[in-house]
Amino acid sequence: MQITVDAWDPSFADNAESPSRSDSATVNAEVEMPVKGWMPVDAPSSGPRRLLVVDGVRRVDARVELSDETGRWPGVCVSWAAGAVVCDLDGGASAVIESSVERGLFAPLDPGTDFGQYPYRKTDAADSAELIAASQVAMAALEAKVAAAVAADAELSVLDGTLRGRTRLPNAVGYIKSHHRSYLQGPLNGVVERLRPGQRTPVFYLMTTWPRYSWYLRLPGAGSRGWAGVARIEAADALSEEAAIALADATAAALPPLGSAAHKDARAPQNLTPIAGLERRLKRRLGDARLLLRSVRASSAARLSDAPL
Amino acid sequence: MSDSVGRVLGTEDATPLSFWVGVGPEAYAQLDDVLTTEREVPGVGTVRISGVVTAVRSRHEGAQFDSDVFDIAGGLLPAQVQEAAEVTVTRVEPEVFVPPTPGAAVERATGEERDRALYFDGMERQVPLGFSRDGQPVFLNADFLDGTRGAHVSISGISGVATKTSFATWLLYSLLHSGAIGAEAANTKALIFNVKGEDLLLLDHDNTRIDDEIRETYRRLGMAPGAFKSVEVLAPPREGTNNGVPDVACRSTGVDAFYWTLAEFCSGGLLPFVFADADDDRQQYTMVVHQVAARLRKEARPKDNGSVALDGQLLTTYRDLVDMICERLSDDATRVEWAGSAIGLGTVNAFIRRLIASGRDIGRLIRGDLPPRGGVIASEAQVTVVDLHNLPDRAQRFVVGVVLRGEFERKEKAGTARPLQFVVLDELNKYAPREGTSPIKDILLDIAERGRSLGVILIGAQQTASEVERRIASNSAVRVVGRLDSAEATRPEYGFLTQAQRQRVLMAKPGTMFVGQPELPVPLVVNFPFPAWATRPAEAGSAPASSARSVTAKVDPFDLATAGDDDDDDIPF
């Protein structure tokens, strides 16, 4: 069997858009107030002072091609990391309390021997986009592991991305920065557009492939028109309605101050300041991409020279 | 004995001469700390690289913008505070100049390791200089002070806060009392010129302001706190008196007046020192000066009480002499004889003008009415302080020039370097300026270049080393810098300081000196202890008995009385 490393910059393979599925969504907007009375909700005057923010980053380090007598298969070498930041607003300190890094070679065919620092992870996919989606799943698993290790002592845990698969953490919400589709019906979307910075919509119950509570929150800093600065937040459906509403209030109080400034972050304000800091830290922990690519090339070259002629 | 500080950084270049250390979360490194690290070199073994911290910095890692600091301090943005220290290497052992490996553990050097890093282990005779910032003693190799391998000290710093003279006297005290030069200390002499105030006239008085803490610092450096034991103060005679009372306000005992007799003035050829300004040397009348000096040496006949007879006329004061010379130079008949041929009248007149002007300044130092003193420094005291502070500029130059020449000639004749003679001279930029020549500059150059072998060691102080003759500064083995002003600190004369130290000297506190010595590639920062001797009358404790005696009699009268008890030849009443 032979392994070749693609000479192209591996970032060309990293297509962040995972294959979209057109799910049907069912919305119950009457959790907090009747649909007819829907209106923006103001944030309570005080919220949690000790927040936990969990996030992960992922990078494709190398694209490889595995070939044997039966054919050729694509593979990707991926590094990913997840970490958690505790923001103690009263103490004025935030610190990364837990982080871990993993790497893997995602391919349908086992190269058989140790391949650099990338342990083999069997993935039955013939398409590099699906391989990358598989690595995304691995990253989500690592995020869940990190979150589970530290979530217990926070008043509010903000997990970057959907809450899917992590619904059992206490006081945890999922934080979705971008909106690929709108879940609410016509007039209710008008409420989202009317939100002023710091206001949220009432909580609604969302059922797609999995059930959860959700609400929209507008962060300050990007104006108050349309969907600018609006984030969607999810909470586990196992909560009671009152608990979900309490969580919604807590996020409305706690998250707006964390919104990032437009000149510092291309994804402002939705990319929260602690998340941006954590991502920078995690990316550094992934290691130098060129160095890792070199190590991949070196191990594939070593295999070539070992192979019988 | 070592404790961990951090690890060698890989994000900054590590070189055999300097490297950066990432300081660990539970550790710290301050300026002047001595750090050490090791690496394995194939075929050589372990190489130990030690150095002194010359810069420290701290920054927020993870912050991209200046305003991030508010997010970090507010608890919104995770960031790490990371400190780093720059180490300037002082010693590599064995001498294989390899850089330390990034990631290698760095430890604070203590005990023997610190001594090795700062070359104290190789100093057989250590002169304590004071303490470094970490509270550990710092030494100077006596070999570079007593002429064995080097000599002369150059001390620079701005007036008032740089404590140049305090350091010079401290260095002397340390040398004489620490035992660094052993039994030789007893015979070593020091000559100190006091140019400002009466600061140095109380060297033999205990300082009443020192407390037990300061005494303890002296003991930690291996010497007893106290005043100089054997001091003689020489002051010029008071203006307008004819009995030679020394002109000193702060002490009445242990002071002697210094002056030269007219006979010494003429026979010793001291006239050129009256014109010792560098400005004088550029003028034509220098020729006249030497001509007249030669004439005086040849013609003057010594009489009683140091007066001289010249051309059958008895001269008893300097003004008499001046008048006489002026008269001879003005007279057409004698001018050629006195001023030499082919000398313009204008040149002669310029000389006359200046000579008359010197009468006011020097008149009280050249006497024809007092007995000869037989050499300015006649006593056996270890430290002689020559007080110049209330003399005008021309007289100060005269005294410094004549005294230095006398001491230098004495040592030259003695032919041996031992016992050592130290000379402490402030305002070196006045006596040995970079531009021009003068008789004093010639002597100082002689001392700087030959003094090491003759046992004359110059401890020179100046506000600006850049204005002192380069050959004097370059001959100084030990260079000391106190507080400097910012323009001066950038001059090449201070090139021995590291970049960070050049900034630090701008804010050096009194009592802090940067001492460069030949063995160490980095100047060490030293805090020297508060003087244990009085530096002003308010601090002075009681005068030592020896100085009280000298005013009335060299012998205690009560000793005489007891000694005469069993003498049969006693006066019969």
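Mentor: Happy to! In this predicted model, strand 14 of chain B pairs with strand 15 (residues 308–310) of chain B in the antiparallel sense, over 2 bridges. Strands are DSSP runs of E with at least two residues, helices are runs of H or I with at least four, and both are numbered from the N terminus; two strands pair if DSSP finds at least two bridges between them. Across this pairing, R301(B) stands opposite A309(B) in strand 15 of chain B.

The open sheet has 3 strands in the order 14-15-16 (chain B), with antiparallel pairing. Strand 14 (301–302) and strand 16 (313–315) of chain B are at the edges with a single partner strand each, so one side of each has no neighbour in the sheet.

Residues are numbered from 1 along each chain as its sequence is written, while chains are lettered from A and ligands numbered from 1 in the order in which they are written. Because the model is predicted, local features need pLDDT of at least 70 and side-chain atom pairs count only at pLDDT 80 or more, whereas totals for chains, interfaces and linings use all residues.

Now for the contact between chains: 11 residues of chain B are in contact with 18 residues of chain A (C-beta atoms, placed from the backbone, within 7 Å). The side of chain B that touches chain A has 6 nonpolar, 4 polar and 1 charged residues (Ala, Val, Leu, Ile, Met, Phe, Trp, Tyr, Cys and Pro count as nonpolar, Asp, Glu, Lys and Arg as charged, and the others, Gly among them, as polar).

Key:
Contact = placed C-beta atoms within 7 Å.
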